[in-house]
Amino acid sequence: MASESTSVSATTGVGSTSAPTIREIISTNQNPQIWKDFNLCIMTDNSQKAQCKHCFHFLSIGSNTTLRNHIEHPHCEANKAQKNQNSEAGQTSMARDGSVFMYDLDYLREQFAGLVIQRALPFNHFDHEQTTRVFQNTMQPRYTHVSRFTLKRDAMKLWLAAKKEIIDSFGNINACVNLTTDVWSAPHGVPGSYMCVTAHWIEPGTWQMMKRVISFEEFPSPHTGGALFKMLTKVLTNFNLEDKVMSITLDNASNNTSAMDKLKLKYEPPMGGRFYHSRCVAHIINLVVQAGLEVPAIDAIRESFKTMLKDIFKSSARTRQRYVKICKDAEKPCLRPNWDVPTRWNSTYHMFLSGLKQQNTLAYFHDVLANKNRCNHFPTENWVIIQSLTQLLEVFNTAT
């Protein structure tokens, strides 16, 4: 039957918990008058379906009459809409792939809501009369204004539908689920702290790795073990995970240990809770690196390197512009420094690495400044040490 095949992505993100989707589209030698309007698809559950090229609905391949009726009667919504549109406008509208285009305001609003969520756009992104006029005059005369209130409601509907889908799938899943969670403060001086919980599991039917962020909520102080215990209990209850969690990965803070001890008593996890509290390996590695960087000799090299970068990039706008011009004239890279921060993993490695990529220009320009008594000389031998430290830190960067 099939001489050629086309692979099709069956999921979005990391896995999918919805109905079977297309795994492959294959060619067919069946009745060409019927199958010119359909794709023969192999689904992720290994079944075969006919997909209408116009409305994208799936039908059984067992009856040519069913397929013919779908197009000719028509049951196909795209063909039906096109006939209505042709009777009104007297013209044909084609999609980019050559199929019949059907304008659907509800579908457009759903796509707008998805775009706002995925791109982190404000709800008023399309809420402007000029945007409406552009769409109407250049793309679709029947487009109607989508307000920020409408878009917010549509986004919330998508979120609630996705949440319900995940909750239902956890209720039916016959496998263990692992969680990772952490608490963090908002950046740039914004008040408040938040807790994020991500679920990881293997889909039994496909052996596919899945992950979903199932909770992202404000987590006010104090961040005690009791408060963390209550928050995690609420998440486990809301998502039908009370008896399905094999392990929860957290960092090494004492409040996390207290919360996990209470969760063990409440839920009696699998295997006696032996793997229930997993300590984040990446966090442990970061603690090791931070301890190593605090060795006086290494810390002195790091601080002198940061001082050298500040002499160039933070002393004045004029100095920084002079350095940029030198790099441009020499046709060398001019990279903004990656400042090291103790709470940002591998930041010292990235600071050293960006410096080494422009070592010659940094060393030359800093010597010019030092010769004018604008700063202290940066020892040449320090570059050799930084090269060795960067090679060492690269191992930890790869590991985390």
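Q: So what does lysine 306 form a salt bridge with?
A: Lysine 306 pairs with aspartate 340, with the closest N and O atoms 3.1 Å apart. A salt bridge here is a side-chain nitrogen of Lys or Arg within 4 Å of a carboxyl oxygen of Asp or Glu. Keep in mind this is a predicted model: local features need pLDDT of at least 70 and side-chain atom pairs count only at pLDDT 80 or more, while totals for chains, interfaces and linings use all residues. Side-chain values use heavy atoms, with hydrogens and water left out, and residues are numbered from 1 along each chain as its sequence is written.

Q: Which residues are joined into one network by shared partners?
A: Asp299, Arg302, Glu303, Lys306 and Asp340, through salt bridges that share partners.

Q: And how far apart are the closest N and O atoms of aspartate 340 and arginine 302?
A: They're 3.2 Å apart, in another salt bridge.

Q: Switching topic: what about lysine 36 and aspartate 37?
A: Their side chains meet in a salt bridge too, at 3.2 Å, N to O. Lysine 36 counts as partly exposed because its relative accessibility is 49%, whereas aspartate 37, at 11%, counts as buried.

Q: How many salt bridges in the whole structure?
A: The search finds 12.

Methods:
Buried means under 20% relative accessible area, exposed over 50%, partly exposed in between (1.4 Å probe, protein chains only).
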